[in-house]
Amino acid sequence: MDVRRPPVGSARHAIGSRWHDRDKSWERIDPVMSAATTRSRTPDRLCAEAVDFARAAAVEAAGAAAVGEHLGVDADGERVVTHYFATREWAYRGWRWAVTVTRASRSKQVTLDETVLLPGTDALVAPQWVPWSERLRPGDMGPGDLLPTDEDDLRLEPGWTGADEPAPNSALVAAAEDLVGGVASAEEAAAEAPSGELATPTARGAIAAVAEELGLGRARVLSRFGLHLAADRWEKDYGAHTPMALAAPASCATCGFLVPVAGTLSQTFGICANEFGPADGRVVALDYGCGGHSEAAVVPTPQPPTPPVLDEFTVEAMPLHPDPHRGSVTETDPAEELGHS
């Protein structure tokens, strides 16, 4: 007797092991993996032969006209078998009825588990559902549609913060940090510069450069007539009388996506910066509007109409019969002016 071999029922034998008499050694076996790998994937005989039972279940669920021929079986587990039947529904071409049957251990009675309609390899299935916020594309908005804007929308920011400091990501902050790290003022720069040397003047200080920044460096600009022609075109396409503007909850003048323009046209027009709006990147009139208004999430409640006022105390005299002595011509209205002879 080999002393290295533990008796059956010991702790080492319980966890799963195999003794090899040839080389006198132990081989460890994982009991979970062993059960999974040794489980037979062959369909259970009684469950696989229950074709008529499975067909009756599919007919009960969908009707005899919707269930076709038997397509085969699959073993889903120990004593669990799924039967597949073709479907005759024109709307479900390529689909198949799946009827799962099972039986208890040491029992010969097959019972029904579930009956479902599953798509096959050639079935036409619906595409994967995508949330509306990801399906929306520029140009999808129509007249009367509303696109509420979230409170934390990154495309908008408060118009007034109450602070004079620039935003943290502003270019002014970077410029201020450079000044703090280097030379803080022009006087300090002059003091540190060698005597007798002056800074070289730049083109930015020239009058021509200033005029170019102010828009005065062009040879010709639009005349008043040209401005009116442009305004008429823009008003016709994106004005207050378009179907989109008539169905909008508010005008572009109060929208956060409106980018102001410079010049005389700034009193009437602006540029739309809402990528989901129908006029994104276009010049719009201030009285134009669409459902993508930045404040469309809060729609004002319409005020109820004022009840009619009925005066029940004042009495107005109304003659029942006309005066026979009064004609159609009065002293204030001569006959010649009224055309009478």
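Over how many bridges do β5 and strand β6 pair in the antiparallel sense? Strand β6 (residues 111-119) and β5 pair in that sense over eight bridges, where two strands count as paired if DSSP finds at least two bridges between them, and where strands (E, at least two residues) are DSSP runs numbered from the N terminus. This is a predicted model, in which local features need pLDDT of at least 70 and side-chain atom pairs count only at pLDDT 80 or more, while totals for chains, interfaces and linings use all residues. Residues are numbered from 1 along each chain as its sequence is written, and side-chain values use heavy atoms, with hydrogens and water left out.

Strands of a sheet pair through backbone hydrogen bonds, either parallel or antiparallel.

| Pair | Bridges |
|---|---|
| β3 (residues 67-77) and β4 | seven bridges |
| β4 and β5 (residues 95-102) | seven bridges |
| β5 and β6 (residues 111-119) | eight bridges |

The β3 and β4 strands form a hairpin with two residues between them, and Arg79 in this turn has a positive phi of about 60 degrees. Within that pair, Val73 stands opposite His83 in β4, while on the β5 side Val80 stands opposite Thr102, a residue whose bridge partner in β6 is Thr111.

Strand β4 (residues 80-87) is mostly covered, with seven of its eight residues buried, that is, under 20% relative accessible area with a 1.4 Å probe and protein chains only. For β5, seven of the eight residues are buried, so this strand is largely enclosed by the rest of the structure.

**Strands β7 to β9**

An open sheet of three strands has the order β7-β8-β9, with antiparallel pairing. Because β7 (258-260) and β9 (283-285) stand at the edges, each with a single partner strand, one side of each is left without a neighbour in the sheet. The twist averages 50 degrees from one strand to the next, with axes taken as lines fitted to C-alpha atoms and angles running from 0 to 180 degrees between N-to-C directions. Strand β8 (residues 269-272) pairs with β7 over three bridges, and Pro260 stands opposite Gly270 in β8.

Technical notes
Helices (H or I, at least four residues) and strands (E, at least two) are DSSP runs, numbered from the N terminus. Buried means under 20% relative accessible area, exposed over 50%, partly exposed in between (1.4 Å probe, protein chains only).
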